[in-house]
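Thanks for coming. I will take the pocket to begin with, then the sheet, then the confidence. Please look at the model on the screen.

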Amino acid sequence: MRTKATLTLLAAFILSSFITHAKTTLSSEQISALLSSAERPLKDAARDESRQPEKILAFTGVGAGQHVLDFFAGGGWYSELFSKAVEAQGKVYVHNDEVIWRFAEKGLNERTKQNRLNNLVRFDNMPIVDMTIPENSLDLVFTALNYHDLFFTHSTENGKNVMLRDNIVDYKAALNKIKDAMKEDAVFVIIDHAATPGSGYDAANNLHRIDPAVVKFQMQEAGFKLIEEAFYLRNPNDDLNTLVFDPSVRGTTDRFVYKFTKL
């Protein structure tokens, strides 16, 4: 009887431990409440139709208590949603490197003034490899519409070519850094504007797009496997050869959504 009772208690402890440590994810009702919150900036909500955040948040599996990295976060549109999703016991790392920071500084500072999102940890104007995130701590890694900026080296301003980087980001080192910070069951979600097959890195500079095959290859090379793809943001009518900021396609580009895990 003692052995049976001991085994029963042990089984109960294991089950309790599993439940305690299992990931909490947002329900559809919680996502709806988050998106319709009176605290959410109106200008953020105005972009919901284009970005489909209710579906994207569900796809990521984000929830209370998680640790999230939003890299190349720009002005923090998704960072804010993650901040609310993980609640006070969670944490959101918000990263922008020296190039993205040029375009993101004003918006992110406005979003975070008066410490209104106090579970954010910011890495501003910093290479990915210099982030200080504990190993095996992240539940979710996310980047939206900016993976191509790893290869964004120059821009045209007032008809002149402006160099933003001497070379592309060392994406192998960057992905390795991120991978080390991920838990074994963490997920890595990438959203970006699709470019034509075979366009290489040129599309990152000329169109702010990237060939989806490049992303798949680089992630596999870095030790990740593609486990799921979402089609909420695909648009077969996008010819893939137009600058994403052109009014004719802005907000309606063909965008791929991939979810990876560590091998």
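Which element gives the largest share of the lining of the largest pocket? Helix α7 does, with six residues. Helices here are DSSP runs of H or I with at least four residues, strands are runs of E with at least two, and both are numbered from the N terminus.

This is a predicted model, where local features need pLDDT of at least 70, side-chain atom pairs count only at pLDDT 80 or more, and totals for chains, interfaces and linings use all residues. Residues are numbered from 1 along each chain as its sequence is written, and side-chain values use heavy atoms, with hydrogens and water left out.

The largest pocket holds about 1,100 Å³ of space. A pocket is an open set of points on a 1 Å grid over the protein atoms alone, where a 1.4 Å probe fits, with protein on both sides within 12 Å along at least five of seven lines; lining residues have an atom within 4 Å of a point. The volume is the space filled by probe spheres set on the points, which are joined across faces, edges and corners. Of the 39 lining residues, R47, R51, G74, G75 and R250 are closest to the centre.

Now the sheet. Seven strands form an open, mixed sheet, ordered β3-β2-β1-β4-β7-β9-β8; strands pair if DSSP finds at least two bridges between them. The edges are β3 (120-123) and β8 (224-230).

Last, confidence. The pLDDT, the predictor's confidence in each residue from 0 to 100, averages 92 over the chain. Over residues 5-21, however, the pLDDT is below 50.

Definitions and conventions: Contact means heavy atoms within 4.5 Å.
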